[in-house]
Amino acid sequence: MHHQTRDRYDVLRSKPMELASAQRVDAADVDAIHQVASKYYRLIFIDSGNDESDPMWRRMIDHTDQLVVATTTRDDHAEAGALLLEALAERDERTAQLAKNAVVVVNQADPKANNAARVADGYRAIARDAITIPHDPAMVDGVLRYGSLRPATQRAWLAAGAAVARGL
């Protein structure tokens, strides 16, 4: 674990200097990691890729209590998230419930984009909530600090956190 003193959380991360193929995690590894982490942490956040064919990804979904789908205002990103929720809805009853209760966070990564509300509206038919995050230069590069975000961005992230918390 890598303790983040200033931000007060711990991270179990991959080794950034190694290729992904050298650090593959399988379904049994996910179970073991989750079992140990559950002893020490009340909340566990797993940031995964969206490879539904990967056994590790499917096992992570089996441990999920609240699904958060992060996307941007780009149409291809938004479509990928929607397809993911639709696939989960068809997998089995439990994952259908996860998809139905998902929170979607739509980040306006492009400062010129003006379709965040439209993208969020498209998700509301297949997820419990969709929150838009306005473009903020403080989110573009480097270390992200809450205090460096614009007030509107801070409020949007608080709304996203509250939406997630309502599902726990």
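Trainee: Which residue in strand 5 does Val105 stand opposite?

Mentor: This is a predicted model, in which local features need pLDDT of at least 70 and side-chain atom pairs count only at pLDDT 80 or more, while totals for chains, interfaces and linings use all residues. Residues are numbered from 1 along each chain as its sequence is written, and side-chain values use heavy atoms, with hydrogens and water left out. Helices (H or I, at least four residues) and strands (E, at least two) are DSSP runs numbered from the N terminus. In strand 5, the residue standing opposite Val105 is Ile131.

Trainee: How many bridges join strand 4 to strand 5?

Mentor: Strands of a sheet pair through backbone hydrogen bonds, either parallel or antiparallel. Two strands count as paired if DSSP finds at least two bridges between them. Strand 4 (residues 103–107) and strand 5 run parallel, and the number of bridges joining them is five.

Trainee: Which strands are the edge strands of the sheet?

Mentor: The sheet is open and is formed by three strands in the order 3-4-5, with parallel pairing. An edge strand here pairs on one side only, and this holds for strand 3 (68–72) and strand 5 (129–133).

Trainee: What angle does the direction of helix 5 make with that of strand 5?

Mentor: Axes are lines fitted to C-alpha atoms, for helices over the stretch in contact, and angles run from 0 to 180 degrees between N-to-C directions. Helix 5 (residues 116–123) packs on the sheet and touches strand 3, strand 4 and strand 5, where contact means heavy atoms within 4.5 Å. The angle between the directions of helix 5 and strand 5 is about 165 degrees.

Trainee: Which residue forms a salt bridge with Asp31?

Mentor: A salt bridge is a side-chain nitrogen of Lys or Arg within 4 Å of a carboxyl oxygen of Asp or Glu. The closest N and O atoms of the pair are 2.5 Å apart, and the partner of Asp31 is Arg59. Asp31 lies in helix 1 (residues 27–40) and its partner in helix 2 (residues 55–62), so the pair ties together parts 28 residues apart in sequence, and the residue asked for is Arg59.

Trainee: Is Asp62 buried or exposed, or in between?

Mentor: Asp62 meets Arg59 in a salt bridge (3.0 Å, N to O), and both lie in helix 2, three residues apart, about one turn of the helix. Buried means under 20% relative accessible area and exposed over 50%, with partly exposed in between (1.4 Å probe, protein chains only). Asp62 has 30% relative accessibility, so Asp62 counts as partly exposed.
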